[in-house]
Amino acid sequence: MKKLGLADLLAPVTVPEFFSSNWPVEPLFIPATPGKLQEIFDLAQMQSLEQLVAARQRKVRACLPDFDDEYSSIHLDPQDALKVYRNNMTLVFDAMQTQDPTIANTLKNIREDLGLVTGGEENNLCKARSIAYATPAGCGTRLHFDANANFVIQIKGTKTWRLAPNESVDFPTERFTTGSEEMPAALETQCHAPLIDMLDEDSMEVVMKPGCVLFVPRGYWHETTTEEESLSLNFTFSQPTWADVFTKSIQEILLRSPEWRELADGLEGTDESRKEAAISRFEFLVQSLAADLPEISGRVLLKESRLV
Ligand SMILES: [Fe+2]
């Protein structure tokens, strides 16, 4: 079996071109070329929605019509999926990597080719997932951005995407959908300008046809519509930050010290004197660490925590 990876996904764009012009912040639309990703297109479950449903071993998500966003969804048994699809609800097939080895291997290869840090299975800093979306005609996803980077392969039918750069927040660690009543607290502290609620007329628009590939960077605004039925397969990767790398590596080092392994005792609760003692203890530990920090080397942290 041919090993599919990032080069196959991006062809005829080369991996070096992608790294210098796109990854991780600029979108890329790659028109279809004959024979590309044939191993994926040949999979039985990619032949039709009926076959995808028949092969499904776990629940399927159906997006509720109230909000046209995948986070307003319910979990269904596969045998009920086609019925709701015919009632104009988008179906989301999470964890496609668990039901096919070609998809699982491709996902893993792309993650490795991108050079995303995982820190091994115990740390799992980069969550990689493959998701299939079956969208009926006349549906869509409302304007949103994701915290993950996303590669979309159009398998069947067409889907129109509109995209725009995010001028309100750089490198968000949370997703956001326009019209949501609440913004995640972390995102609120990350935004430097109000979020938009619609795209400009002249936003980038691409029509995804079978074989087309689209890279949607983390944080990039996008909305989709379908005029005919659409089936797409996504490879999506969480974006481990320097903050993640630092906290993981420093945690590994701190846990070698009995003082840092002590129970963080008394921080919550009603006993004010215990709480005050706990805060003082933490203050002492943090000050001691701050005193040591000038000696700490990023290279050594990464090495000692086995992140490189
Ligand atoms: Fe999205």
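I'll cover the domains, the sheet and the core.

Some conventions: residues are numbered from 1 along each chain as its sequence is written. This is a predicted model, so local features need pLDDT of at least 70 and side-chain atom pairs count only at pLDDT 80 or more, while totals for chains, interfaces and linings use all residues.

The chain splits into domain 1 (6–239) and domain 2 (243–304), with bounds from an automatic or database domain assignment. Their C-alpha centres are 38 Å apart.

Now the sheet. Helices (H or I, at least four residues) and strands (E, at least two) are DSSP runs, numbered from the N terminus. Two strands pair if DSSP finds at least two bridges between them. Eight strands make an open, antiparallel sheet, ordered S1-S11-S7-S13-S5-S4-S2-S3. S1 (28–30) and S3 (73–76) are the edges; each has a single partner strand, so one side of each has no neighbour in the sheet. S2 (residues 60–63) pairs with S4 (residues 91–93) over 2 bridges, and Ala62 has Leu91 as its bridge partner in S4.

Leu91 comes up again in the core. A nonpolar core is a set of buried Ala, Val, Leu, Ile, Met, Phe, Trp, Tyr and Cys residues joined through C-beta atoms within 7 Å; buried means 20 or more other C-beta atoms within 10 Å of the residue's own, with C-beta atoms placed from the backbone. The largest core has 49 residues, and Leu91, Ala132, Ala134, Val213 and Leu214 touch the most other members. Strand S7 (residues 149–157) supplies the largest share, 5 residues.

Note on methods:
A residue is buried if 20 or more other C-beta atoms lie within 10 Å of its own, exposed if 12 or fewer, and partly exposed in between; C-beta atoms are placed from the backbone.
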